[in-house]
Each structure stands twice: as C-alpha cells, then as structure tokens.
Amino acid sequence: MSSNAEVVTRILRPVAAPRLASPRVVRPLVAPLARAPEPRVARARTPIELTVEVLRGPFRPLVVWGLFWGARPFSELMRHVPDVTKRTLRRELAEMERVGLVVRDVRPDSNRRAFYALSPLGETLRPVVGAMYEWGLLCAEPRHARLPRTMPTAG
C-alpha cells in the first residue's frame, strides 16, 4: 500500500449510541418475546377474606375494642393500644376512616383535639371483636381447666 492511499472505512449498519441511565433509575430486564400477562378474572371474595382484610394487622381490632365505650381522643387511644407508634396509629385511623369504620370529629372548642368514634359500619364489628376477646380468654385459661373433667374409675 502506498502512503497516499486513502483509508476507507465503511459502516455496515448504523448503530445508535447507547443511552446511559442515571444511576438512580434501574430499568427492569424484559424478555424480548415476553407476552403481556393475561387479565385475571375477578372472583368474588369470601366473607372471611373481607373480614380479615378489614381487620388486618394487630392494631385495628384493638382500636375497635378501645372505641366500644364511646369516642376517644387520639392520646387516649395511644395509651389503650399497646406497642403502637404515633405514626402507625395515625395511619391505621386514617385507613379505618377511609374504609368507613371510624368517624373523626374535630371539636373547635377543645384546641383542635380530634375524637374518634365507631361509625355505624364499625359498630357492626362489636360481635366479631367481642368473639375474638372471648376466644382469647378461652386460650388464656390454664390447659387443665379447658379439659373436660372425668371421674377416675375404680378397679
């Protein structure tokens, strides 16, 4: 080859410059031939599933139990529900209010103090939470007290 010869460079196909994602954005890998998921047929949920969904978590039944005897301010509910943080109790009360179990009443004369009470729908949970209480009492009894007593037979 001579020194005056031009070097010809050919690109066979255009190549797009790679996009650099910002370090915070992580894009999920998708299989090239992945199909879109088929829509699920909505099935009716059982009454047990609905009840568990409404009373999910360890604090909601305790909040309902605490409101059995009338409206209470937030601070009193904090004392009534053991091991709950302010943030968690606020979130649970807001969710319960959204679902319709609890009614929030802010009284202007009491320094914007919010009182919480059971709504008519929340009142329907009385037998459910009451049954949970009674079942807990049954489980708390000593084991020998739960067993049926029989008379020893002679012989």
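Is Leu-77 buried or exposed? Leu-77 counts as buried, at 0% relative accessibility, where buried means under 20% relative accessible area, exposed over 50%, and partly exposed in between (1.4 Å probe, protein chains only). This is a predicted model, in which local features need pLDDT of at least 70 and side-chain atom pairs count only at pLDDT 80 or more, while totals for chains, interfaces and linings use all residues. Residues are numbered from 1 along each chain as its sequence is written, and side-chain values use heavy atoms, with hydrogens and water left out.

**The chain as a whole**

- Seven helices and three strands make up the secondary structure of the protein chain; helices (H or I, at least four residues) and strands (E, at least two) are DSSP runs, numbered from the N terminus.
- Along the sequence, these elements follow the pattern α-α-β-α-α-β-β-α-α-α.
- The protein chain has 155 residues, and 20% of them count as buried.
- Among contacts (heavy atoms within 4.5 Å) with a separation of 6 or more, 46% join residues 24 or more positions apart.

**The nonpolar core**

- A nonpolar core here is a set of buried Ala, Val, Leu, Ile, Met, Phe, Trp, Tyr and Cys residues joined through side-chain atoms within 4.5 Å.
- The largest one has 20 residues, and those with the most contacts inside it are Val-63, Val-64, Leu-67, Leu-89, Leu-93, Val-102 and Tyr-116.
- At least two residues of this core come from each of α2 (60–66), α3 (74–80), α4 (86–99) and β3 (113–118).
- Leu-93 is in contact with Val-63, Phe-74, Leu-77, Val-102 and Tyr-116, leaving aside its neighbours within four places in sequence.

**Around Leu-77**

- Helix α3 is where you will find Leu-77.
- Not counting residues up to four places away in sequence, Leu-77 touches Leu-67, Arg-72, Leu-89, Leu-93 and Tyr-116.
- Leu-77 and Phe-115 lie 38 residues apart in sequence, and their C-alpha atoms are 9.6 Å apart in space.

**The sheet**

- Three strands form an open sheet in the order β1-β3-β2, with antiparallel pairing.
- β1 (72–73) and β2 (102–107) are the edge strands, each pairing on one side only.
- Two strands count as paired if DSSP finds at least two bridges between them; β1 and β3 pair in the antiparallel sense over two bridges.
- Tyr-116 in β3 stands opposite Arg-72.

**Salt bridges**

- Side chains of opposite charge can pair when their charged atoms come close.
- With a salt bridge taken as a side-chain nitrogen of Lys or Arg within 4 Å of a carboxyl oxygen of Asp or Glu, the count comes to seven.
- One of them joins Arg-72 to Glu-76 (3.5 Å, N to O); Arg-72 counts as buried at 15% relative accessibility, whereas Glu-76 is partly exposed at 29%.
- Another links Asp-105 and Arg-107 (3.1 Å, N to O), with Asp-105 partly exposed at 35% relative accessible area and Arg-107 partly exposed at 32%.
- Glu-123 and Arg-126 also meet in a salt bridge (2.5 Å, N to O); Glu-123 is partly exposed at 33% relative accessibility, and Arg-126 is partly exposed at 32%.
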